[in-house]
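Hi,

Here is the structure I promised to pass on.

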Amino acid sequence: MDFRPLRAFVEVVRQGGFSSAAKTVFATQSTVSKAVKQLEDEIGLPLLDRIGHRSVMTPAGEVVYRRGLKLLADRDDLLAELDEIRGVRRGSLRLGLPPVGSSTVFAPLFAIYRQRYPGIEVRLTEYGSDQLGSVLRAGEIDFAGALLPVSEEFEFQPVRREPIVALLPPRHPLEGSASVSMLDLKETPFILFDSGFALHRMVLDACKRAGFDPDVVARSGQTDFMVELVSAGVGVAFLPRMIAAQHQLRGLHYVALGEPDAEWNMAMVWRRGAWLPPAAQAWLNLVREIHGGAPISEQS
């Protein structure tokens with residue numbers, strides 16, 4: 001239903017006539033009269049009984065007036081809510097983050113975003129980078145933290161680049177080395193991330209290039225648990241340097257991994273050409289503000 005005829009009818013009743021209603025809705029008396037006639041034609045019943053210069057509501061008019069007040073109020077509330085969403089005062093951000101490195105890389109961004117947009121609900125999904133790509137592809141989240149390179153179906157904003165290192169168990173014979181290769185670690189059991197993590201795939205691909213299958217003694221999605229296993233002498237784990245460095249005080253040593261493309265290159269990723277709601281645009285603007293790049297333009 002076009003709300004303008006309904007608004008005109010309600011104001012005629014409120015103001016007690018067409019002339020006063022016309023001033024209220026900033027239209028001519030003829031325009032208001034035509035609007036009420038349009039509403040009557042649409043409903044198929046007369047709404048006003050015109051007696052001389054007075055107009056009295058018919059039974060149908062009383063129903064339309066009563067219901068119309070609520071409809072117009074609901075419409076105003078709807079427009080107000082949409083204005084709040086456009087102004088990033090309300091809405092939701094669907095964000096997918098990997099467990100590896102999120103506390104270091106994304107927690108500061110999250111804190112700034114919450115300070116700037118306290119009315120936005122942030123819905124977090126946590127999986128490994130590879131699994132987050134599938135969730136993003138299905139449209140279940142607006143953004144995913146993922147390791148580069150990514151499929152051409154995604155756009156991305158680089159966030160953090162770190163070398164991948166080997167976190168060695170205590171008293172490992174290679175702990176004083178400047179760097180190690182996968183072949184150097186062939187006889188050491190491997191502690192890997194679960195298969196949904198990009199680091200899992202990257203390590204196995206490097207072993208395949210080196211011509212061997214590693215002895216995988218554990219797989220986990222929890223970095224702290226993997227570090228505990230390394231500390232207990234179970235095997236070697238592969239981590240971004242910034243994460244491995246946090247555990248040096250526990251007597252563990254990390255060594256640079258001398259393999260091609262042994263980099264943890266984290267980016268914020270979204271579907272190419274996807275419409276981003278205002279809350280999501282605000283998040284991407286913040287990521288680009290902190291990590292470089294021009295702000296995203298408003299989308300229509």
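First, the ground rules. This is a predicted model, in which local features need pLDDT of at least 70 and side-chain atom pairs count only at pLDDT 80 or more, while totals for chains, interfaces and linings use all residues. Residues are numbered from 1 along each chain as its sequence is written, and side-chain values use heavy atoms, leaving out hydrogens and water.

Overall shape: the protein has 11 helices and 12 strands (DSSP runs, H or I of at least four residues for helices and E of at least two for strands, numbered from the N terminus). Its radius of gyration is 31 Å, well over the 19 Å from the globule rule for 300 residues, so the protein is more spread out than a compact globule (taken over C-alpha atoms; the rule is 2.2 Å times the number of residues to the power 0.38). Along the principal axes, the C-alpha atoms fill a box of roughly 105 × 30 × 30 Å.

Now the rings. There are six aromatic pairs (Phe, Tyr and Trp rings, the six-membered one for Trp, with centres within 6.5 Å; planes under 30 degrees apart are stacked, over 60 edge-to-face, the rest tilted). One of them is Tyr-113 with Trp-283, edge-to-face at 5.5 Å centre to centre and 75° between the planes. Tyr-113 sits in helix α6 (residues 107-116) and Trp-283 in helix α11 (residues 278-291), so this pair ties together parts that are 170 residues apart in sequence. Tyr-113 is buried at 0% relative accessibility, and Trp-283 is buried at 0% (buried means under 20% relative accessible area, exposed over 50%, partly exposed in between; 1.4 Å probe, protein chains only). Ring pairs also link Tyr-113, Tyr-117 and Trp-283 into a cluster.

Finally, the largest pocket has a volume of about 360 Å³ (an open set of points on a 1 Å grid over the protein atoms alone, where a 1.4 Å probe fits, with protein on both sides within 12 Å along at least five of seven lines; lining residues have an atom within 4 Å of a point). The volume is the space filled by probe spheres set on the points, which are joined across faces, edges and corners. Of its 20 lining residues, the closest to the centre are Met-202, Pro-260, Asp-261, Ala-262 and Glu-263. Helix α8 gives the most to the lining, with seven residues.

Cheers
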